[in-house]
Amino acid sequence: MGIVGLIRKTAAAAAVSAALLLCGCSPDTDISKRLIVHAVGIDKAEDGQYQVSLQIFSPSGSGSDTPLDPSQANMKVISGKGKNVQEGVRECENIMGSSAFIGHNRLIIFGSSVYDEDMDKLLGWFKKENANYLGVTVAYAENSAKEVLSVPLTDGSSTIENVNDIIRFAKDKGIAEKGDLLTLMNKLNESGGNGVAPVLSVVEQDAVPKEGEESSSGGEESGGSGEKPKEKYLEVVGTAVLKDRKFCGMLNKEESAGLLWLTKEMQTCSVTLNEADEPFNAELTDRNTELRLFCDESGLRLEADITAEIRIPGETVRCSPDRICELAEEKIAAQCRAASKKAIGEMGADAFDLEKLTKFYFPQLYRKHKDDFSSLVATADIIVKAECFLND
Amino acid sequence: MKKITAPQLIFLLFFTRGFLSITYEASQFRPDGTTVMLSAAISVAIQFLLVLPVLAAAKKFPHRDIIQLSFERSAVAGKFISLLFLCYFAFETVHVLGNFSYFLKNHFFEAYHEAFLMAALAVTAFYAATLGFSAVARASSVSAVIFITALVVIVFAVTGEFDVYNLHMPIADEKELFGSVLREVGDSLGRSVELAALIFLLPHVENRRTAGLFSYLGIKLLFVEFSTLMITAVLGDYAKGLTLPLYTLSTYARSSVIERFDSVYMLVWTIAVFLKVALLLMLGGQCLKNIFPKLNENISKGLVTAAAAATAISLAALDRWDSLLFRSPSAPASLILGFLIPLAVLLFCRRKTERS
């Protein structure tokens, strides 16, 4: 064997040996010793510290063949306090004696106690964590974040799947905007520190008896007092609007629908149209929305041309098709007006991506007003032209 | 010596640049995506002009490179030029090894041992280097298929998040914009190690050298523009603060089959760094052999490997690796080695031919 052959073989042997022998030299954490975090909730405790609640994956098996029982919530919530989010998470790790893995995190939720806190600061730890998914949903809670995370939802394989399904459903049905981390961070970095996120609330309802259970079993649970047992559910109640990186108010479902139309995020929304005191339900589906931004002496003007399809689900409506279209158009315009009145008029917040549109269409104008863009937003005018057609 | 084909040249050069492009295309000044796209177009247009002397030399002297031509003119000049190229390629090898290790440690897995990783990469690349240009070029052709497939998959997975409004024009006045573009063009030229590598590679290409080279520049422009477009349109202004934007894009990508594409990015990134280091070691070894002609070719490659790996490992061990400041060799280095030296050698050789 020549010198070249010897060098090649030595190099190949060294490379293979290094790959095979050294891979065990690095310290790593076994998956069974990890806290698989599904959701993170942030509240403020009475002592001023942050209370971080982690909803972690905790499978409840029902025998060796089914290590994961889908009829169970398959989760556990642990909380830790700290001066910042990172400290709170470390505290949770200390309680459980395992390190947290945030790569499967699907929700970051902020409780009502942190409405006044700087959102960008609260999200700082998530930005630094490389394992964290940028598309994770960010939401606000009407109650405390811990309370929301503790609601056991047992329809899917894990609770978090259901929470995300609830938020996605609300977005698809035009009830609230779905906030994700990346979109929110981009908006928070705008000069006005804007942002929108869904708001979740815990609602209590009478428990539905499970199959095979006697209806009286609930009574036993409630101490035999005859009271029906209650079950907790989650509901998306609206859209939180942020300004200066802080929660500044909430849009209700009607206003949220307007927001979705004006940001081209609307898919379908259910509305009640009213003709001569005879209300009927209709489903409006966005077919095409065009947004145009204009700038004149009076300020910014956003013009939205909305084309929507109307579907009347299983009802006989007395009024003419033209009248139905007219009512739907009025409804869309009213939703948009309500959204702009609340977000711009009352809160002075840019919930409609005006800053982004201005950067795109009028970069020079944006440069001129970069430092006081909020004043341009406050005087912005929104004009909506809706055109609807009936689906036969 | 086995020759390489024009497509192999394209892929080899592409990986030489591809590693940097998929790491971080812009300078540490973090400009807007549109500024990067504009600068890339200007930079590639300049590079079309810069490669002309090398192409002219390859056409006039098809079987000899610039170094051999300079040796024919003067042995001292030849050795001096070889030394310059050796330093440049060795520096770039240290830079690539260190960058790979730095980003790996800071973005993927903080607990691994940098020295082992850099040593393993250097040894593997050295082995590839001993196989010669032809073997590395063939490997780059195969790797290109993986590279393109992976990128197509990532792009498809983020298409739904494409937001055209993120592609706003730079928010800067004319003077500021001009300065920013100029800086980015300089940075882009400084990263173009392939301008110098071309000098050594072109004599190994069997045919269609001009077409191959110009195709490479076109593909490079297309790749930089497209990747920057996707990064900017999907990630928005958030991309400006990132150290590994394409990696972040791959983590954001999601399909119904795969959740995150980190592993796909990692695969492509590792292939790119391996091919780049292998090529640099080959070129460095060739320069060292030009200075010491009696030295065995593989031993010269081994010496370059050892020196580069030892420097990179030492810098990492001292914890002095500031990748952001240590980002790329400067534009003057690329201009001198990739354009001025070939031009000077070509002019001298032409005068000599005319006189004779």
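Colleague: How many helices and strands are there in chain A?

Modeller: Chain A has 13 helices and 13 strands. Keep in mind that this is a predicted model.

Colleague: And which elements make up chain B?

Modeller: Chain B holds 14 helices and zero strands. From the N terminus on, its elements read α-α-α-α-α-α-α-α-α-α-α-α-α-α.

Colleague: Now single residues. Why is A:Thr239 called buried?

Modeller: Buried means under 20% relative accessible area. A:Thr239 has 0%, so it is buried. This residue lies in strand β8 of chain A, residues 230–243.

Colleague: What is A:Thr239 in contact with, its neighbours within four places in sequence left aside?

Modeller: The list includes A:Ile175, A:Ala176, A:Glu177, A:Val196, A:Pro198, A:Met250 and A:Leu259.

Colleague: What makes the pair of A:Thr239 and A:Glu177 a polar contact?

Modeller: The cut-off for a pair of N or O atoms is 3.5 Å. A polar atom of the A:Thr239 side chain lies 3.2 Å from the backbone nitrogen of A:Glu177.

Colleague: Why does B:Phe11 count as partly exposed?

Modeller: Buried is under 20%, exposed is over 50%, and partly exposed is in between. B:Phe11 has 24% relative accessibility, so it is partly exposed. The residue is found in helix α1 of chain B, residues 6–23.

Colleague: Which residues does B:Phe11 touch, not counting those up to four places away in sequence?

Modeller: B:Phe11 touches B:Ser140, B:Ser141 and B:Ala144.

Colleague: Where is A:Ala349, and why is it labelled as it is?

Modeller: A:Ala349 sits in the loop between α10 and α11 of chain A. Its relative accessible area is 0%, under the 20% limit, so it is buried.

Colleague: What surrounds A:Ala349, beyond its neighbours within four places in sequence?

Modeller: Its contacts include A:Asn194, A:Val241, A:Leu242, A:Cys248 and A:Val377. A:Leu242 is 107 residues apart from A:Ala349 in sequence, yet their C-alpha atoms are 7.0 Å apart.

Colleague: What makes α11(A) mostly covered?

Modeller: Six of its eight residues are buried. They are A:Leu354, A:Glu355, A:Lys356, A:Leu357, A:Thr358 and A:Lys359. The buried residues of α11(A) pack against β11, β12, α10, α12 and α13 of chain A.

Colleague: Which strands form the open sheet, and in what order?

Modeller: Four strands of chain A form it, in the order β10-β11-β12-β13, with mixed pairing.

Colleague: What makes β10 and β13 of chain A edge strands?

Modeller: Each pairs on one side only. On average, neighbouring strands of this sheet are turned by 35° against each other, direction ignored.

Colleague: How do you know that β12 and β13 of chain A pair?

Modeller: Pairing needs at least two bridges. These two strands have ten, in the parallel sense, so they pair. One example is A:Ala304, whose bridge partner in β13(A) is A:Val384.

Colleague: Which helices pack on the sheet?

Modeller: Helix α10 of chain A touches β10, β11, β12 and β13, and its direction makes about 155° with that of β13(A). Helix α11 of chain A touches β11 and β12, at about 40° to the direction of β11(A).

Colleague: Last, how many aromatic pairs are found over all chains?

Modeller: The search finds 24. A:Phe110, A:Tyr115, A:Tyr140 and A:Phe247 form one aromatic cluster.

Note on methods. Residues numbered from 1 in each chain as written. Chains lettered and ligands numbered in written order. Predicted model: local features only at pLDDT ≥ 70, side-chain atom pairs only at ≥ 80, totals over all residues. Heavy atoms only, no water. Buried < 20%, exposed > 50% of the residue type's maximum accessible area, 1.4 Å probe, protein only. Polar contact = N/O pair within 3.5 Å; in protein donor to acceptor, adjacent residues only side chain to side chain. Contact = heavy atoms within 4.5 Å. Axes fitted to C-alpha atoms, helices over the stretch in contact; angles between N-to-C directions. Phe/Tyr/Trp six-rings, centres within 6.5 Å; stacked < 30°, edge-to-face > 60°.
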